[in-house]
Amino acid sequence: MIKVLNIVGARPNFMKIAPIFREMKQRADEFEPLIVHTGQHYDEKMSDAFFVDLGMPRPDIHLEVGSASHAVQTAKIMLAFEPVVLEQKPDWVVVVGDVNSTIACSLVCAKLGIKVAHVEAGLRSYDREMPEEINRILTDSISDLLLTPSPDGDENLKKEGIAENKIKLVGNVMIDSLFHNLEIAAKSNIRQELHLEGDYASMTLHRPSNVDSKDAFEPLIDALIDIAERIPIVFPAHPRTESKIREFGLEEKIGQSEIKLIEPLGYLDFLQLMSGSKLVLTDSGGLQEETTALSIPCLTLRKNTERPITVEMGTNRLVGVDPEAVRKAAFEILDGGFDASKAKIPPLWDGKTAKRICNALIQASTKR
Ligand code: UD1
């Protein structure tokens, strides 16, 4: 029997841990899984709603750290997590993605000699200005089992000198959640609630590089307002983005446009919104993957991506942050210049990744 602490902290973690936890619960003779929530995200809409939508039980342990600067947040998670590890004595700790909770919990375990499995290992944007890139590199360098979503992840890790026997290509666990919940999400009334009768686009934006300065954010909003003249854009805004919109006095401009600014949506509502979109505009990591799995054209408003397979094989296009380029790329798609049917879903993005993750954990445990 393997005792596992599964770590969640921020919004993009919940849909990755849910299928892993479910699989572990089903294999009760092999796994004793617990959920630890660091409390990095704490709003009802950024956290609690996801537990309900994903059918996850309340976390077994809640560290309640909340928001702070990166150093303070990371340190607070470490301080709160160390006694949990000492008390619980897990065989493995499973961390996912690239948020501050991921590196904080991995680092605690590495020092205590507790095995860490990193799900979504090996992704690299090669942009160290992104806090997430630092979290990815550091977490991978101290994890014992590196579970990758795509072959580029394996290549990146090998280049960094990580032993091949620690790396296992398992596929994309976020797509397990996507496929599991598509039918359930179809019952959501979100499209009716937002009065979306014809074609529409969906958008998320929250990367500090896009929204934290007015000089970067306002020209992007101007371009998006132009695009919204052609197709209404639904924009569920992250709390960070929402507060910057207010700080920079952009509410009026947005309010008068065809951009529908709304609060963050739960998982199922967002899935239903996204799956009906003609086009998705984003700077998030997960949406690049979900749109590829759903064959929906996606424009990524960033200079780089740690998920290049979505561009090479899928429906994602990296457009950068030049407002003119964003406008042009969106108009091209709206004019029918993008054939999503040529795109493919990457191998092992098949809804069975959680199973492979559990198998890899068992295998790595018996090797010891
Ligand atoms: C974090 C992740 C990012 C991920 C994003 C998804 C890191 C370094 N970044 O960024 O990779 O894409 O989550 O949402 O871990 N806030 C709230 N309510 C909340 C959470 C945050 O109001 O529930 C506000 C806080 O005031 C805070 C700001 O949002 O100042 C940023 O939160 P934080 O957790 O530091 O990072 P995110 O930008 O959410």
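**View 1. Salt bridges across the interface of domain 1 and domain 2.** Four salt bridges cross the interface of domain 1 and domain 2, a salt bridge being a side-chain nitrogen of Lys or Arg within 4 Å of a carboxyl oxygen of Asp or Glu. Glu-132 forms a salt bridge with Arg-207, and their closest N and O atoms are 2.9 Å apart. The model is predicted: local features need pLDDT of at least 70, side-chain atom pairs count only at pLDDT 80 or more, and totals for chains, interfaces and linings use all residues. Residues are numbered from 1 along each chain as its sequence is written, and side-chain values use heavy atoms, with hydrogens and water left out.

View 2. The contact (heavy atoms within 4.5 Å) takes 22 residues from domain 1 and 19 residues from domain 2.

**View 3. Area buried between the domains.** Domain 1 and domain 2 bury about 1,800 Å² between them, and carbon and sulfur atoms give 61% of this area. Buried area is the accessible area (1.4 Å probe) that two parts lose on being put together, summed over both. Lys-45, Asp-53 and Trp-349 supply 30% of the area that domain 1 buries against domain 2, more than any other three residues.

**View 4. An aromatic pair, Phe-14 and Phe-50****.** The count of aromatic pairs is two. Rings of Phe, Tyr and Trp (its six-membered ring) pair if their centres lie within 6.5 Å; planes under 30 degrees apart count as stacked, over 60 as edge-to-face and the rest as tilted. The ring centres of Phe-14 and Phe-50 are 5.9 Å apart with the planes at 35 degrees, so this pair is tilted. Phe-14 lies in helix H1 and Phe-50 in helix H2, 36 residues apart; helices (H or I, at least four residues) are DSSP runs, numbered from the N terminus.

Key. Helices (H or I, at least four residues) and strands (E, at least two) are DSSP runs, numbered from the N terminus.
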